[in-house]
Amino acid sequence: MEPVLLGLALGLSLVHLYAGSISPTDIVSARRWLSFTGGVSAAYVFVHLLPELHAGQETLADFGPVESFLDHHAYLLALAGFVVFYGLENLAQRSQRSESDEGRDIFWLHIASFTVYNGLIGYLLVHRLSEGFWNVALFTLAMALHFFVTDAGFRRHHRRAYHRLGRWILSVAVVAGWGVAQVLSLAEPTLAVLVAFLSGGIVLNITKEEIPAERQSAFPAFVLGALGYTVLLLTV
């Protein structure tokens, strides 16, 4: 099974490498593709991710001396992730208008944060194997679509720097996360904290990128993505 998981991790990494040159929008319009992707991602959040956050609260009940605080506050960790990645988005917009040292520093901060983000996703490929192969496959599908759109955001904000170097770092991060999972097994409470924080980042990225603005939306495509992925989650 490990070669299969490595193959899935490599597949996710290729999204960042080739999303800029091999685009599904060659087949369908950009707004339909973005709307479909937003529907899939929204389904993933509401049908899978939020229930997982609730389960994470129970895990955090055994998290040592801060148990009384974390027992019912996994959602605060998700909120922290949301706020952090929202701040990164604001900084990225500033860097888009700046070629100064500050703009380069913001680029590296953005890349460093998403390196951890992608690494955790690569790690979770292995962790989710305990829930069955199809769970891993559906997780990979959702993350592939998620990567496709976050990649577009990086290209919009950082353009040359991202294409020259950033996409390679994010691609390697996914495979590195898979590699870490081969030699290191995180304690369940620690993993619950990281997943909660990651969840907030995913929700933010869906809000800003994958659910398009009114003028760009294609509601039937959004519904198709949401319903189709929900059916997969509930039946597989």
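A surface patch here is made of residues with over 30% relative accessible area and no salt bridge, and nonpolar side chains are joined within 5 Å. The model is a predicted one. Met1, Val4, Phe133, Trp134, Leu141, Leu232 and Val236 make a nonpolar surface patch of about 640 Å². Helix 6, residues 133-158, gives the most to this patch: three residues.

Leucine 232 sits in helix 9, which covers residues 219-235. Its relative accessible area is 34%, so leucine 232 is partly exposed.

Now go back to helix 6. Side chains of opposite charge can pair when their charged atoms come close. The structure holds one salt bridge. It joins the side chains of arginine 155 and aspartate 151, at 2.6 Å from N to O. Both residues belong to helix 6. They are four residues apart, about one turn of the helix. Arginine 155 and aspartate 151 are both buried.

Next come the annotated spans. An unreviewed UniProt entry lists residues 72-88, 108-126, 132-153, 165-184, 190-206 and 218-235 under "transmembrane region". Two of these spans can be followed in the model. Residues 132-153 are 95% helix and 0% strand. The end C-alpha atoms of residues 132-153 are 32 Å apart. Residues 165-184 are 95% helix and 0% strand, with end C-alpha atoms 28 Å apart.

Definitions and conventions
Residues are numbered from 1 along each chain as its sequence is written. This is a predicted model: local features need pLDDT of at least 70, side-chain atom pairs count only at pLDDT 80 or more; totals for chains, interfaces and linings use all residues. Side-chain values use heavy atoms; hydrogens and water are left out. Patches are made of residues with over 30% relative accessible area and no salt bridge: like charges are joined within 9 Å, nonpolar side chains (Val, Leu, Ile, Met, Phe, Trp, Tyr) within 5 Å. Accessible areas come from the Shrake-Rupley method with a 1.4 Å probe; for residues, only the protein chains shown count as cover. A salt bridge is a side-chain nitrogen of Lys or Arg within 4 Å of a carboxyl oxygen of Asp or Glu. Helices (H or I, at least four residues) and strands (E, at least two) are DSSP runs, numbered from the N terminus. Buried means under 20% relative accessible area, exposed over 50%, partly exposed in between (1.4 Å probe, protein chains only). UniProt positions are given in the numbering used here, feature names are shortened, and annotations may be inferred rather than shown by experiment.
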